[in-house]
Amino acid sequence: MSTRTPNGLDKLGLENIANVYYNLSYDELQAHEVNRNECKISSTGTAMCDTGIFTGRSPKDKYFVDQAPSNEHISWGDINKKIDKETFDKLFDLTKEQLSGKSIYIMDVYAGASAASRRSIRFISEVAWQAHFVKNMFIRPTEEELETFEPDFVVYNACKISNQDYKEQGLNSDVYVCFNIEDNVSIIGGTWYGGEMKKGIFSMMNYWLPLEGKLAMHCSANVGKDDDVCLFFGLSGTGKTTLSTDPDRALIGDDEHGWDDNGVFNFEGGCYAKVINLDEKSEPEIFAAIRKGALLENVVSDEVGNVDYDDKSKTENTRVSYPIEHIENHKEDMQAGHPSNIIFLTADAFGVLPPVSKLTKEQAMYYFLSGYTAKVAGTERGITEPVATFSACFGEAFLPLHPTEYAKLLGDKIDEHGVNVYLVNTGWSGGAYGVGTRMSIKDTRACINGILNGSINNAEFEVLPMFDLQIPKTLEGVKDNAVLNPRNTWKNREEYDRSLAKLAGMFIANFNRYNDNGSEFDYSKAGPQL
């Protein structure tokens with residue numbers, strides 16, 4: 001344990017602090033978690049916590065203070081909601097009151113592996129496992145770096161409080177996740193979910209970096225033995241973490257990255273993987289990472305700590321966070337050069353998109369701004385068929401600026417570095433969800449390998465109607481090349497054509513929101529045409 005007092009403790013506005021537990025080691029954190037009855041220990045030595053009634057983020061309770069100059073850059077709306085300075089100050093006082101008179105955990109960490117782009121972040125909490133989560137998910141400074149550590153941004157997590165005045169203040173609920181950009185402060189109240197801290201800093205990196213001409217990305221990244229970098233964009237459930245964790249390629253990171261003049265770099269120092277239905281055979285690297293130092297969320301175990309990863313009685317969003325060192329083959333400095341390939345992952349539950357297709361630069365911009373995947377039927381009452389989901393830049397919930405700001409940066413970098421871009425469908429084949437079957441991981445891996453080793457460029461291509469996507473006719477490692485054209489896999493070809501047209505219409509309707517952004521972003525012709 002660091003015996004020093006954090007720099008600037010007197011500036012935090014907290015009174016009568018009992019004890020300050022500063023950047024505790026993993027052993028110390030686990031002892032606190034057990035002694036305070038916050039966690040149980042699994043049979044692999046992993047701490048297991050519950051996040052209470054909130055097992056996911058609360059996006060409707062996220063606010064930015066409406067003040068200059070940040071309000072001139074923020075794209076206001078349902079994603080980025082306004083809160084006035086007076087209301088924020090009241091919530092800040094409530095937050096500080098909750099954390100005062102308590103023993104608190106302070107974690108000083110970095111966001112961003114690139115020294116030219118990183119930010120120094122301080123997290124304050126009264127819960128040991130939340131400090132553990134932060135230690136896993138961000139970059140851990142050395143003891144020497146902590147001696148002179150000065151935070152650029154401070155996060156106050158008062159998860160045990162609730163805002164009883166929310167109705168009078170015009171807010172959504174008693175939960176709040178608020179950002180004051182000018183004062184470099186974020187406050188959290190009413191929710192225990194650790195992901196709020198992780199994604200809150202991601203949102204801030206998505207604000208800071210583009211204003212410096214750097215791209216912030218919701219993607220995973222790895223690098224091969226020849227220093228070829230690949231980025232994997234995709235929404236939850238598309239395979240971003242699984243496909244970037246490759247025994248033959250070093251993992252740079254599994255979720256959040258930046259792209260500056262030096263190349264690609266991880267924002268984080270760890271990984272945050274879904275573990276529902278986790279299987280050791282299909283995801284051995286992630287399975288092996290769940291050991292002492294990792295933190296399991298909302299899983300179910302027996303009396304001796306054996307975890308049942310198939311049990312979703314608490315939530316389907318069961319997760320594990322672990323330091324990136326738990327992945328045997330990782331890039332130690334968590335940064336590399338400019339990418340050679342970019343892969344957009346989608347889990348198309350309609351079963352009409354190809355397993356892999358090569359995109360032009362214009363198509364890349366279109367599918368980046370679309371950010372498509374599809375949820376399967378049965379996840380919500382009344383849903384009997386797949387539901388299309390469009391999330392701009394594959395991470396719209398975390399974009400303070402307008403999506404086209406990120407798209408412009410991506411397009412510039414694709415041109416500057418000659419990057420190849422592909423669309424990979426990890427969803428269904430032979431029919432929609434409930435009729436067809438999920439793409440085999442083996443075939444998906446073969447598509448990824450064809451991209452990474454360049455053999456896909458030697459293939460003969462055919463065109464998918466309506467979408468104008470270039471599909472390889474053959475690919476080494478794919479069990480049956482007929483699967484590469486999804487129309488071949490449907491028993492009823494006319495039904496396939498109708499489903500393809502239906503999805504095309506959904507893309508077109510979604511993309512209409514960009515039609516008022518001028519000719520610079522008129523990429524509608526690169527998308528489906530009916």
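Residues are numbered from 1 along each chain as its sequence is written, and side-chain values use heavy atoms, with hydrogens and water left out. Because the model is predicted, local features need pLDDT of at least 70 and side-chain atom pairs count only at pLDDT 80 or more, while totals for chains, interfaces and linings use all residues. Helices (H or I, at least four residues) and strands (E, at least two) are DSSP runs, numbered from the N terminus.

**Helix packing**

- Two packed helices are described by the angle between their axes and the distance between the axes. Axes are lines fitted to C-alpha atoms, for helices over the stretch in contact, and angles run from 0 to 180 degrees between N-to-C directions.
- Angles under 35 degrees count as roughly parallel, over 145 as roughly antiparallel, 65 to 115 as roughly perpendicular and the rest as oblique. Contact means heavy atoms within 4.5 Å.
- For residue classes, Ala, Val, Leu, Ile, Met, Phe, Trp, Tyr, Cys and Pro count as nonpolar, Asp, Glu, Lys and Arg as charged, and the others, Gly among them, as polar.

*α1 with α3*

- Helix α1 (residues 26-35) packs against helix α3 (residues 128-137) at an angle of about 155°, and their axes are 9 Å apart. That angle makes α1 roughly antiparallel to α3.
- The crossing of α1 and α3 is left-handed (the near helix is turned anticlockwise from the far one by less than a right angle; clockwise would be right-handed).
- On the α1 side the contact is made by Y26, L29, H32 and E33, and on the α3 side by A128, W129, A131, H132, K135 and N136. The contact of α1 with α3 has 5 nonpolar, 3 polar and 2 charged residues.

- The axes of α8 and helix α9 (residues 403-417) cross at roughly 150° and come within 10 Å. α8 and α9 are therefore roughly antiparallel to each other, and α8 passes α9 in a right-handed crossing.
- From α8, K361, A364, M365, F368 and L369 meet P403, T404, Y406, A407, K408, L410, G411, I414 and D415 in α9. By class, this contact of α8 with α9 has 9 nonpolar, 2 polar and 3 charged residues.
- Helix α8 (residues 361-370) also packs with helix α11 (residues 493-511), at an angle of about 80° and with the axes 10 Å apart. α8 and α11 are therefore roughly perpendicular to each other.
- Y366, Y367, L369 and S370 of α8 make the contact with F507, I508, N510 and F511 of α11. The contact of α8 with α11 has 6 nonpolar, 2 polar and no charged residues.

**Cavities and pockets**

- On a 1 Å grid over the protein atoms alone, a cavity is a set of points where a 1.4 Å probe fits but cannot get out, and a pocket is an open set with protein on both sides within 12 Å along at least five of seven lines; lining residues have an atom within 4 Å of a point. Grid points are joined across faces, edges and corners, and a volume is the space filled by probe spheres set on the points.
- By this rule there are 5 cavities of 30 Å³ or more, and the largest cavity has a volume of about 80 Å³.
- The largest cavity is lined by R57, S58, P59, K62, V177, F179, E196, K199, G200, S203 and F398. By class they are 4 nonpolar, 3 polar and 4 charged.
- β9 (176-180) and α5 (195-208) each supply at least two residues of this lining, with the largest share, 4 residues, coming from α5.
- The second largest pocket holds about 330 Å³ of space. Its lining has 20 residues, of which D246, D248, R249, N449 and L452 lie nearest the centre.
- That pocket lining divides into 5 nonpolar, 6 polar and 9 charged residues. α7 (284-289) and α10 (441-452) each supply at least two residues, and the largest share, 4 residues, comes from α10.

**Backbone features**

- Most residues other than glycine have a negative phi, and most peptide bonds are trans.
- A68 and P69 are joined by a cis peptide bond, with omega about 0°. P69 is in the loop between β4 (62-65) and β5 (81-83).
- D227, a residue other than glycine, has a positive phi near 65°. D227 is placed in the loop between β11 (215-223) and β12 (229-233).
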